[in-house]
Amino acid sequence: MTAQAALDLADAVAEQLAAPHRALLGPAVSRRQHLAHGLPGIALLHIERSAAGLGPWQRAHDWLAAASREPLTSGPDSHPFYGAPAFAHALACAADHLSGAYQRALETLDRQLTADVHRRLDAAHRRMDAARLPALAEFDTIRGLTGYGAYLLRHNPGAPALLAVLDYCVRLTQPITHDGETLPGWWTDTGPSGRTDDRFPGGHANTGMAHGIGGVLALLALAARHGTVVDGQDEALGRILAWLDHWQEDTGRGPAWPYWITRGGLRTGRLAPSAPRRPSWCYGTAGLARAQQLAALALGDTGRQVDAENALLAALTDPTQLKATTDNALCHGFAGLAHVAARAADDAHTSTVGQLRAMIPALLAAVHPPGTDPAHAATTLMQDEERGPGLLDGAAGIALALLAPSTAAPPRSAWDACLLIA
């Protein structure tokens, strides 16, 4: 019953987002090509539903057409979640299911994307050669080379640009000496926002899937599972896993990982006390457990795989971590947890798959409690001016994230490739 209620909510959201000219978009939606908060992210909802036979392709086309009306941002002002690369992801997800559709547009976008990747790689290697620290936006999933790698792996896995991105990721995991200290190669001298922050003197090492080394781990693992391998890839996976092993915490119910390591923590080898943290996709144990599961599968390490799956189970049953989860969003809420759990269950060991599946109904019920009217719930989501109807924080992302957990079937499109969880 819970699964059907979740599907009813997804249907209701899709109906309220049926047409760009009629949808109540609100101030939170970017009219440009923003995957997180804009029209391409909403298009992904209709692309997935159309691929699964739940809605007409015309809706997907209408949202893609609406997203293309503004000039496409490319070059240095674009990134995987904004501009031409973001639009390319949505367009490619549709093209996978519509033979011959959008091919000329995709060819043009891919040429621009490849040029952007090589420009970014050249700058990154010059920075490494000079022994300078990276910016988060150089390598992260949302704005950086890991995000470009996610697109290439799913939509152009034979591209030389993808191999170059993987080579870069391997090099990023090598230690760097800066101001006389040995730091992990992904250490940045800013705060998590990417800007100088007095709360992070000496910078930090970010572990998250959205902005940290978790995304790099997932990309290297997914590429290996697809048979796309460069020299040093297994060793790079090992270095990231060893870092996460070192900083693993015991919550009393299971392992968890911090969002970041500060310079003070690095010097003392200890984490500062902190309040319980939500186990989300973007930061926290859920996303990192999935990344470590993928790495273990790539390396053939069954013990580590089961440990990662048990860490996810612990996070999804820990009242203190769940209490810290205060919304339903794909990025850092209960819908995202349900989707990560479903994706992890698709690959899980026989000893944990049933337990992971058993966690999903409670997560779905947190998003859409039994007895709640789906049309009313959809309207409430749409009218949230802070989150809006977008992908990462809003209604479209929640509706998308409910589909796979509710049906126990993987997504038909590659919509979640941008999250590096599959």
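**Charges and cysteines**

Helix α10, which covers residues 233-246, is where you will find Glu 235. Please keep in mind that you are looking at a predicted model. Glu 235 is partly exposed, with 48% relative accessibility, and it belongs to a surface patch of negative charge together with Asp 167, Asp 231 and Asp 234.

Arg 154 is partly exposed at 36%, and Asp 96 is partly exposed at 42%.

Now look at Arg 127 and Glu 138, whose closest N and O atoms are 2.5 Å apart in another salt bridge. Here helix α5 provides Arg 127 and helix α6 (residues 136-139) provides Glu 138, so the bridge ties together parts eleven residues apart in sequence. Arg 127 is buried, at 5% relative accessible area, and Glu 138 is buried too, at 14%.

Salt bridges can also form a network, as they do among Arg 343, Asp 346, Arg 357 and Asp 416.

What about the cysteines? The whole structure contains zero disulfides. For Cys 93, the nearest cysteine sulfur belongs to Cys 418 and lies 7.6 Å away, whereas a disulfide needs the two sulfur atoms within 2.5 Å. Cys 93 is buried at 0% relative accessibility, and Cys 418 is buried at 7%.

How values were computed
Residues numbered from 1 in each chain as written. Predicted model: local features only at pLDDT ≥ 70, side-chain atom pairs only at ≥ 80, totals over all residues. Heavy atoms only, no water. Buried < 20%, exposed > 50% of the residue type's maximum accessible area, 1.4 Å probe, protein only. Patch = residues over 30% accessible without salt bridge, like charges linked within 9 Å, V, L, I, M, F, W, Y side chains within 5 Å. Areas by Shrake-Rupley, 256 points an atom, 1.4 Å probe, with all protein chains shown as cover. Salt bridge = Lys/Arg side-chain N within 4 Å of Asp/Glu carboxyl O. Lys, Arg positive; Asp, Glu negative; His and termini not counted. Charge placed at Lys NZ, Arg CZ, Asp CG, Glu CD. Helix = DSSP H or I, 4+ residues; strand = E, 2+ residues; numbered from the N terminus.
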